[in-house]
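Trainee: I would like to learn how to read a helical model. Could we look at one together?

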Amino acid sequence: MDSSKSDLRGGLPPIPFWATAVATFFCVGRLKPGPGTWGSLATVLLWFFAISRIPVAHRAWATIVAAVVVTAIGIPAATLVARGSRLKDPQFVVIDEVAGQLVALIGVPLAWKTFLAGFILFRVFDMWKPFPIRRLEQLPEGPGIVVDDLGAGVYALLVMHLLMYFGLLNK
């Protein structure tokens, strides 16, 4: 009898530790209820403190780089976890919320009002999934898990910057 992990998991391919750690955002995705909301909240709080240590002139670029890196690592991690769990979009995978939430915070001033608004707007667009976000979910595996949240992040980003432009979100 072969005692490989695959056999112990009923024929499922083994999921590398790094993929599970990244996809669940270091187990934040295991929190209940609403793991996606917990993933977004953890991102907002961590990014608020991380970006406070970055010079103001570099914050927008730092947020863009962070979103790109999270996406680049998150797509393969989400793919491996989805394959290993045999779920199209496992709820405990929240790296997509991390990437989308970061997009929503690009160029946003470091203030509790703007970060709270970014959090709320991202969650609204992530749950609502206006056109064409719902179509992006149809992409296979990791891209289908992550890219729709990037779309929600773009919608949130646009609304955030409109609110700031019209002075509705003052520091």
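Trainee: Which handedness does the crossing of helix 5 and helix 6 have?

Mentor: The general idea comes before the case. A crossing is left-handed if the near helix is turned anticlockwise from the far one by less than a right angle, and right-handed if clockwise. Here, helix 5 and helix 6 cross in the right-handed way. Keep in mind that this is a predicted model, where local features need pLDDT of at least 70, side-chain atom pairs count only at pLDDT 80 or more, and totals for chains, interfaces and linings use all residues. Residues are numbered from 1 along each chain as its sequence is written, and side-chain values use heavy atoms, with hydrogens and water left out.

Trainee: What counts as a helix here, and how is an axis drawn?

Mentor: Helices (H or I, at least four residues) and strands (E, at least two) are DSSP runs, numbered from the N terminus. Axes are lines fitted to C-alpha atoms, for helices over the stretch in contact, and angles run from 0 to 180 degrees between N-to-C directions. The axes of helix 5 and helix 6 come within 9 Å and cross at roughly 125°. That makes helix 5 oblique to helix 6. The cut-offs: under 35 degrees is roughly parallel, over 145 roughly antiparallel, 65 to 115 roughly perpendicular, and the rest oblique.

Trainee: Which residues of helix 5 and helix 6 meet?

Mentor: Contact means heavy atoms within 4.5 Å. From helix 5 come E97, G100, Q101 and A104; from helix 6 come G118, F119, F122, R123 and D126. By class, this contact of helix 5 with helix 6 has three nonpolar, three polar and three charged residues. For the classes, Ala, Val, Leu, Ile, Met, Phe, Trp, Tyr, Cys and Pro count as nonpolar, Asp, Glu, Lys and Arg as charged, and the others, Gly among them, as polar.

Trainee: How do helix 6 and helix 8 cross?

Mentor: Their axes come within 8 Å and cross at roughly 135°. Helix 6 and helix 8 are therefore oblique to each other. The crossing of helix 6 with helix 8 is right-handed. On the helix 6 side, the contact uses T114, A117, G118, L121, F122, F125 and D126. Residues on the helix 8 side include D148, A152, Y155, V159 and L163. The contact of helix 6 with helix 8 has eleven nonpolar, three polar and three charged residues.

Trainee: What span should helix 6 have, at 1.5 Å a residue?

Mentor: The expected span of a helix is 1.5 Å times one less than its number of residues. Helix 6 has 17 residues (112-128), so it should span 24 Å; its end C-alpha atoms are 24 Å apart, which agrees. Helix 3 also has 17 residues, and its 24 Å reach is close to the 24 Å expected.

Trainee: Which residues of helix 6 are buried?

Mentor: Buried means under 20% relative accessible area, exposed over 50%, and partly exposed in between (1.4 Å probe, protein chains only). In helix 6, the buried residues include F115, F119, L121 and F125. The buried residues of helix 6 pack against helix 3 (35-51), helix 5 (95-104), helix 7 (133-136) and helix 8 (141-165).

Trainee: What covers the buried residues of helix 3?

Mentor: The cover includes helix 4 (59-85), helix 5 and helix 6. Among the buried residues of helix 3 are P35, V44, W47 and I51.

Trainee: Is L163 buried, exposed or partly exposed, and what does L163 touch?

Mentor: L163 lies in helix 8. At 25% relative accessibility, L163 counts as partly exposed. L163 touches L121, L168 and L169, not counting residues up to four places away in sequence.

Trainee: What should I look for in the backbone?

Mentor: Most residues other than glycine have a negative phi, and most peptide bonds are trans. F25 has a positive phi, near 50°. F25 lies in the loop between helix 2 and helix 3, and F25 is buried, with a relative accessible area of 15%. E141, in helix 8, has a positive phi of about 50°.
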